[in-house]
Amino acid sequence: MDHAIDWAQVGPWVAAMVAIAFVSFRSSPSLQGPAAHLLKSLFPSWRFFDDAGPIPVLFVRTGPDRDRLGPWIAATTRPRPRLCHLLVNAEVLEHLAHETAVARLIDDIAELDDDRHDTLAQMVSYRMVARLAQLWARARQPHASMHQFKVASMLADELIDDLVLSPPLPLATAPLEISTDVRR
Amino acid sequence: MSAADALDLVAALFAVAVALQSLELWRLRDRLRPGAVWDYAIVRDELPHRWARLLDPVCRYPNVLGTIAIRAGCALALTLHVHPVPATIVILTSLALSWRWRGAVCGGSDAMTLVVAVSLWLASWPSAAGRWPTIALWLLSVQLVLSYWLAGVAKVRSVGWRRGDALQIFLRQAAYRPRGPVGWLIARPQLTRTVGWAIVAFELAFPLILVVPETATGWLIVGAGFHLANVYALGLTRFWWIWLTTYPALYCCAGWLAT
């Protein structure tokens, strides 16, 4: 195919994309908190699936009392593919939303000053993950009295490190005034 | 393809995509109830009080279900006529729902949904010479090209993708357990690396659609296949539908470049 490139026409596109890529990747002050996450929706960086590595995973264990808690179980249910997922896929959407909530907790902890860990339990991220763990435990072990959750980094099926560990909590209610072990 | 035809097709596909998104959110409505994970009483604490009061009517349960329905209804209305009012409502409800879920609930698909909504909003403004529809189509086209190219640039900068093991990690960590062709691929690391490099090459080369616009059909078919493969392997259904929505815009703009 004989095609002469009209650089007068496509040149500005090339220049614009190079400029946008440069602005997108150069270091710049990052926004904090909910505004940052909302603005990412309006001004996407399109940097998805670029960093393959360990991901934070929520684990839960339950038992009759705090001294007899069972083994850690990953509080995640990987959906089974179905044909209708070509149209609607609420199962994967929920799975991704849970993953995001857990990842957001780790991100928020990383931004927390060391002397502010006492406020961890009041953080929205923490309360959501605590609620997620509690509901997961209730659904699977409704007769248990206590539960405990942790967030650990996993690479595929390999556990790398524990990141956050909650104290044992009553399964019926989840009090928020707790101290939590945060491992950086 | 004329600008009007391209916009009609974008609006129609957008209505389908938003309707399907709304069905998904409807199926997850119990997660938004008091006592559930996305309890509004928890999420609300993240905003300053005056912002929270502003969003209360559209984000608290069960009002949020109405917000989901209104968004879908306005997206459907855009298929009849690309008008500023429903376009504005789609943008505002999308932002409200994005905040309700504390950011993008499905990454890039939520971002692209907003990009399309903003483009349709731009196209809805009256202009004698069709300036706004043209601008809207070019905005969509540029964002579509960037969505591939910047993703490719980001991957090239990643050690994992350059080394070739990133794809295997993503497939193992996906929402779906590896099965069928995906399991077969993962069992062959060298082939997985090759497929990974092919993905990066496709994304980096995508801007060629503007340099050689006669190849637009081919690029878009490969892109559609790429997203369908992501639906199968990763369960990224939303990506498939919303990226498909942008294709008529780029096809139209490529046609203008070709002539």
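Start by selecting B:Cys74, which counts as buried at 11% relative accessibility. You are looking at a predicted model, so read everything on this tour as computed from that prediction.

B:Cys74 is in no disulfide, and the nearest cysteine sulfur, 16 Å away, belongs to B:Cys59. Now jump to B:Cys253, which is buried with a relative accessible area of 0%. B:Cys253 has no disulfide either: the sulfur of B:Cys252 is the nearest cysteine sulfur, at 5.4 Å. A disulfide would need the two sulfurs within 2.5 Å. Search the whole structure and you get zero disulfides over all chains.

**Chain A on its own**

Chain A has four helices and six strands, and along the sequence they run α-α-β-β-α-α-β-β-β-β. Color by accessibility: of the 184 residues in chain A, 42% are buried. Among contacts in chain A with a separation of 6 or more, 55% come from residues 24 or more positions apart.

**The interface**

Bring chain B back and select what touches across the two chains.

Next, show the polar side of the contact. Between chain B and chain A there are 25 residue pairs in polar contact, counting pairs with both residues at pLDDT 80 or more.

How many salt bridges cross the interface of chain B and chain A? The rule finds six. Zoom in on B:Glu46 and A:Arg104, whose side chains meet in one at 3.5 Å, N to O. Then widen the selection: A:Arg104, A:Asp108, B:Glu46 and B:Arg102 are linked in a network of salt bridges.

You will find B:Thr237 in helix 14 of chain B, residues 237–258. Is B:Thr237 buried or exposed? Buried, with a relative accessible area of 1%. The side chain of B:Thr237 makes a polar contact with the side chain of A:Asn89, at 3.2 Å. Show its other contacts, leaving aside neighbours within four places in sequence: B:Thr237 is in contact with residues including A:His85, A:Leu86, A:Leu87 and A:Val88, plus B:Glu24 and B:Val231 from chain B.

**Salt bridges inside chain B**

Over all chains, the structure holds 16 salt bridges. Side chains of opposite charge can pair when their charged atoms come close.

- B:Arg238 is buried at 6% relative accessibility, and B:Asp110 is buried at 13%.
- Go to B:Glu203 and B:Lys155, which meet at 3.1 Å, N to O. B:Glu203 lies in helix 11 (residues 189–205) and B:Lys155 in helix 7 of chain B, so the pair ties together parts 48 residues apart in sequence. B:Glu203 is buried at 3% relative accessible area, and B:Lys155 is buried at 4%.
- Finish with B:Asp56 and B:Arg44, at 2.7 Å, N to O. B:Asp56 sits in helix 3 (residues 49–59) of chain B, while B:Arg44 is in the loop between helix 2 (40–43) and helix 3, twelve residues away. B:Asp56 is buried at 10% relative accessibility, whereas B:Arg44 is partly exposed at 22%.

**Last stop: B:Arg100**

Select B:Arg100, in helix 5 (residues 84–100) of chain B. B:Arg100 is buried, with a relative accessible area of 0%. Its contacts beyond four places in sequence include B:Trp38, B:Asp39, B:Tyr40 and B:Cys59. Draw a C-alpha to C-alpha distance to B:Asp45 as well: B:Arg100 and B:Asp45 are 55 residues apart in sequence and 11 Å apart in space.

How values were computed: Residues numbered from 1 in each chain as written. Chains lettered and ligands numbered in written order. Predicted model: local features only at pLDDT ≥ 70, side-chain atom pairs only at ≥ 80, totals over all residues. Heavy atoms only, no water. Buried < 20%, exposed > 50% of the residue type's maximum accessible area, 1.4 Å probe, protein only. Salt bridge = Lys/Arg side-chain N within 4 Å of Asp/Glu carboxyl O. Polar contact = N/O pair within 3.5 Å; in protein donor to acceptor, adjacent residues only side chain to side chain. Helix = DSSP H or I, 4+ residues; strand = E, 2+ residues; numbered from the N terminus. Contact = heavy atoms within 4.5 Å.
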